[in-house]
Amino acid sequence: MSTSSHEVSGAPCWVSLLARDMPSAQRFYGAVLGWEFRSTRLGDGFVVALRDGAPVAGIGALAGSLGMPVAWTPYFAVDDADVTASRIRERGATMAVGPLAFGTGRAGMAADPAGAVFGFWQGAVIPDWSVGQRSAPAWLELRTRDAFAAAIFYGEVLEWAGEREGCCTVAYEHDHVVLRHGHDTVARISGGALEGDPDPEIRPRWQVHFRVPDLEAAVESAIGLGGRTVTPVETTTSSRWVVLADPEGAHFTAVAPQGTPA
């Protein structure tokens, strides 16, 4: 069973990593995040990661000709990929790939005006894949310089805060832009200077947060397999988290509930 993109229009519908070395990426994320992998009808160049039997994310082979950095990318559901691509170009952003036919739909990748990379998808989406639910990513966060400008760009491109049923809503809370689909918080946009970040390679980017049961075990596995920590471990009232980089440099955040082993 699948869900149409119209029912989740503008909302995150998938996350995917393009890796240069897929076997190494599977070993890394299998150990760090406890994922298993299954092949797809798309061939050897793409696998789906599973947690407790439920699909979490995709890992695909990065074609050398694309010249793109290895990175985790969120995809947003759209009704018409060509219209979305036109909106992106009209607003001074960059279409990097597509839209191209891919499996059961059409996909494209773009960079917003600040340089953060994101994707969009026209077609059937995985039912019950929702940020913050089951084994889906804990949440998505765009770290950028101007949260208000980013919210306007994505709102116009992805039709956030529209009148149609199923559209996302946007709110400004505690200096952040919060995106909700129904009752679920699906993304947050945080603005401000990025120059003080402990990672000198930092740039505006979408950060994907993945749940782990034990944060220290995840960090130990990541470092043991050639990854690194990008930030110190941070603690909130409900969770503990750390930004990690895999061996090819892709950033992601590991999140564990508060009260796990220290």
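The model is predicted, so local features need pLDDT of at least 70 and side-chain atom pairs count only at pLDDT 80 or more, while totals for chains, interfaces and linings use all residues. Residues are numbered from 1 along each chain as its sequence is written, and side-chain values use heavy atoms, with hydrogens and water left out.

The secondary structure comprises 4 helices and 17 strands. Helices (H or I, at least four residues) and strands (E, at least two) are DSSP runs, numbered from the N terminus. The chain has 262 residues, of which 48% count as buried. Buried means under 20% relative accessible area, exposed means over 50%, and partly exposed lies in between (1.4 Å probe, protein chains only). Contacts were also examined (heavy atoms within 4.5 Å). Among those between residues at least 6 apart in sequence, 60% join residues at least 24 apart. The chain exposes about 12,200 Å². Carbon and sulfur atoms supply 52% of this area. Accessible areas come from the Shrake-Rupley method with a 1.4 Å probe; for residues, only the protein chains shown count as cover.

Helix α1 covers residues 22–33. At 1.5 Å a residue, its 12 residues should span 16 Å. The expected span is 1.5 Å times one less than the number of residues. The end C-alpha atoms of α1 are 16 Å apart, which agrees. Buried residues in α1 are Met 22, Ala 25, Phe 28, Tyr 29, Val 32 and Leu 33. Seen down the axis, the buried residues of α1 fall within an arc of 125 degrees, so they line one face of the helix. The arc is that of the directions from the helix axis to the C-beta atoms. Just after α1, Gly 34 takes a positive phi of about 70 degrees.

Positive phi also occurs in Asp 52, a residue other than glycine, with a value near 55 degrees. Asp 52 lies in the loop between β3 (43–51) and β4 (54–61). Asp 52 is exposed, at 77% relative accessible area. Glu 159, not a glycine, has a positive phi of about 60 degrees. Its loop runs between α3 and β10 (169–173). Glu 159 is partly exposed, at 30% relative accessibility.

Phe 148 belongs to helix α3 (residues 147–158). With Ile 152 and Tyr 172, Phe 148 forms a nonpolar patch on the surface. Together the three have about 330 Å² of accessible area. Patches are made of residues with over 30% relative accessible area and no salt bridge; like charges are joined within 9 Å, nonpolar side chains (Val, Leu, Ile, Met, Phe, Trp, Tyr) within 5 Å. A salt bridge is a side-chain nitrogen of Lys or Arg within 4 Å of a carboxyl oxygen of Asp or Glu.
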